[in-house]
Amino acid sequence: MPDSLKHSVRWDTAVGALLIVLLLCSFAFVDNFGNALNLSFLIGNTLPIAIIALPMTMLVISGEVDLSVGSTVGLSGAVMGALWNNGMAIETIIPLCLLLGVVCGLINGLLVTRLGLPSLAVTIGTMAAYRGIAQIVLGSDSVTDFPSQYLDFGANRIGDTFIPYAALPFVVLLAIAIVVLHATRMGRSLFATGANEEAARFAGVRVKRLKLSMFVTTGLLSALTGVFWALHYASARYDNATGLELSVIAAVLLGGIDFDGGKGTLGGAIAGVFLLGTLQNVMSLLNVSAQSQIVVTGVLLVISVLAPRVGRQIAQARSRKRTVTAVT
């Protein structure tokens, strides 16, 4: 195979191609997939994963992970509902929820960067803690009577198109994330930290501060997703977004982000997000049960972690074989 073709067939490129094939097949063979209402549902249901996937991609590239994002979404929604029930203006509630997300991310970041604890263990703990606090705050209540103009923004489409209003701020966030990760010194520092933390530190990268900022950003966008979730589904409950962290991690890894850090692109991550979202939408249209959809998500998570490693081992084995052949 020519070298140029080898370089073009990367994992994230393959995921993008697979997404296109899945979309074409779905338009052709799945009833009601192509109508505007279903496409709007697909995008709206995928946006919570897509928004959190932006900072999660950067966090995983830096060598860390945050499993508390789903609980932060639920906590943000629960606080939003509780404050609304107490008569506070929605214009005040939303900034407070975003501030809460910053605090949640700051707690995760400080425990990881200042105490040196593994992010996997820390965020499993805070995942349970944040969900428990959400239940204490709102109990089993469900708050649905938010102002109609905010509910319309969270659920309605732009004119006669299939594009939800909420997709517009996501596009802005995506553009900012692409520039930060792929065209700034901060982005290069994230890749360097994920590839070799000690080398990055000796090169002048302030590793702890960089990782702390990523945890805070992840908390902030998780809280924003909590607000969007409550408005999109017109329901603030403590158990909103339960299990969302699994979908976010699966989509990010499916898009070619190396779980060991140092490798990946935002384009691949977003392709992974919409590949997973499209697959779930198609399964819903085909009346596949929710339990089976969770199984498929779990299998994709395993494949996305296993396949790149197997590919690298095969490439390394071939490289060693070529070296031995050249020497002999």
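This is a predicted model: local features need pLDDT of at least 70, side-chain atom pairs count only at pLDDT 80 or more; totals for chains, interfaces and linings use all residues.
Is Thr-218 buried or exposed? Thr-218 is buried, its relative accessible area being 0%.

View A. Thr-218 sits in helix α11. Residues count as buried under 20% relative accessible area, so at 0% Thr-218 qualifies. Skip the neighbours within four places in sequence, and Thr-218 is in contact with Pro-55, Met-56, Leu-59, Asp-66 and Val-69.

**View B. Where α4 meets α11.** Here we have helix α4, residues 69-85, against helix α11, residues 207-232. Their axes come within 7 Å and cross at roughly 55 degrees, and the two helices are therefore oblique to each other. The crossing of α4 past α11 is right-handed. On the α4 side, look for Val-69, Thr-72, Val-73, Ser-76, Gly-77 and Met-80. Across from them, α11 brings in Thr-218, Gly-219, Ser-222, Ala-223, Thr-225, Gly-226, Val-227, Trp-229, Ala-230 and Leu-231. By class, that contact splits into eight nonpolar and eight polar residues, with no charged ones.

**View C. Met-56 and the largest nonpolar core.** This core has 58 residues, and those with the most contacts inside it are Met-56, Phe-170 and Leu-244. At least two residues of the core come from each of α2 (11-29), α3 (36-61), α4, α8 (167-183), α11, α12 (244-254), α13 (266-285) and α14 (290-327). Helix α3 gives the largest share, 13 residues. Zoom in on Met-56 and, leaving out residues up to four places away in sequence, you'll find it touching Val-65, Asp-66, Val-69, Thr-218, Val-248, Ile-249 and Val-252.

**View D. A second core.** What else is there by way of nonpolar cores? A second, separate one of 21 residues, with Ile-90, Leu-138, Phe-146 and Leu-231 among them.

**View E. Where α12 meets α13.** The axes of α12 and α13 come within 7 Å and cross at roughly 125 degrees, which makes α12 oblique to α13. This crossing, too, is described as right-handed. From α12 come Ser-247, Ala-250, Ala-251 and Leu-254. They meet Ala-269, Gly-272, Val-273, Leu-275, Leu-276 and Gln-280 of α13. Sorted by class, the contact has seven nonpolar residues, three polar ones and no charged ones.

Note on methods: Residues are numbered from 1 along each chain as its sequence is written. Side-chain values use heavy atoms; hydrogens and water are left out. Axes are lines fitted to C-alpha atoms, for helices over the stretch in contact, and angles run from 0 to 180 degrees between N-to-C directions. Helices (H or I, at least four residues) and strands (E, at least two) are DSSP runs, numbered from the N terminus. Angles under 35 degrees count as roughly parallel, over 145 as roughly antiparallel, 65 to 115 as roughly perpendicular and the rest as oblique. A crossing is left-handed if the near helix is turned anticlockwise from the far one by less than a right angle, and right-handed if clockwise. Contact means heavy atoms within 4.5 Å. Ala, Val, Leu, Ile, Met, Phe, Trp, Tyr, Cys and Pro count as nonpolar, Asp, Glu, Lys and Arg as charged, and the others, Gly among them, as polar. A nonpolar core is a set of buried Ala, Val, Leu, Ile, Met, Phe, Trp, Tyr and Cys residues joined through side-chain atoms within 4.5 Å. Buried means under 20% relative accessible area, exposed over 50%, partly exposed in between (1.4 Å probe, protein chains only).
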